[in-house]
Amino acid sequence: MELKKLDYNLTVCKVADISDIDTSADFYFIAKTDEELSLVCRTEDVPESTLEREDGWKGFRIQGVLDFSLIGILSKLSGILADEGIGIFAVSTYNTDYILVKEENFDRALSVLSHAGYEVV
């Protein structure tokens, strides 16, 4: 399985209103629940009116389109990283999964996954 590095820094944050988010940006995830409105975006695209934020994330995605019948892909990746003491923030889209790790763990995470048989591009 191939993992594609994202070549930018990411931030995980909470915003007060969806109108605070630049939806013309080329990379972001929005999640809204009855408790919060969360945003994952490039650090340079974080809205000024952010309520809370956590900078210092880097990420990679599983290449290709994952069939919904596939089981355990995210679990296996997160387990390998957990065994090495590397925490993750995972985001899923219709096509695939994205895994974010803290910047200081990024190179080690990719190395560990590469040694586990994943191709990192």
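1. The largest nonpolar core has 16 residues, and those touching the most other members are Leu-3, Phe-60, Leu-77, Leu-81, Val-101 and Leu-113. Such a core is a set of buried Ala, Val, Leu, Ile, Met, Phe, Trp, Tyr and Cys residues joined through side-chain atoms within 4.5 Å; buried means under 20% relative accessible area, exposed over 50%, and partly exposed in between, with a 1.4 Å probe and protein chains only. Strand S5 (52-62), helix H1 (73-83), strand S7 (97-102) and helix H2 (106-115) each give two or more residues to this core, and H2 gives the most, with 5. Helices (H or I, at least four residues) and strands (E, at least two) are DSSP runs numbered from the N terminus.

2. A word on the source: this is a predicted model, where local features need pLDDT of at least 70 and side-chain atom pairs count only at pLDDT 80 or more, while totals for chains, interfaces and linings use all residues. Numbering starts from 1 along each chain as its sequence is written, and side-chain values use heavy atoms, leaving out hydrogens and water.

3. Now for Leu-3. Setting aside neighbours within four places in sequence, Leu-3 is in contact (heavy atoms within 4.5 Å) with Phe-60, Arg-61, Ile-62, Gln-63, Leu-77, Leu-113, Tyr-118, Glu-119, Val-120 and Val-121.

4. Do have a look at H2. Its buried residues are Phe-106, Ala-109, Leu-110, Val-112 and Leu-113. Seen down the helix axis, they fall within an arc of 160°, so they line one face of H2; the arc is that of the directions from the axis to the C-beta atoms. Asp-107 and His-115, on the other side of H2, are exposed. The cover over the buried residues of H2 includes strand S1 (2-5), S5, H1, S7 and strand S8 (119-120). After H2 comes Gly-117, with a positive phi near 105°.

5. Not counting residues up to four places away in sequence, Thr-50 touches Cys-13, Lys-14 and Val-15.
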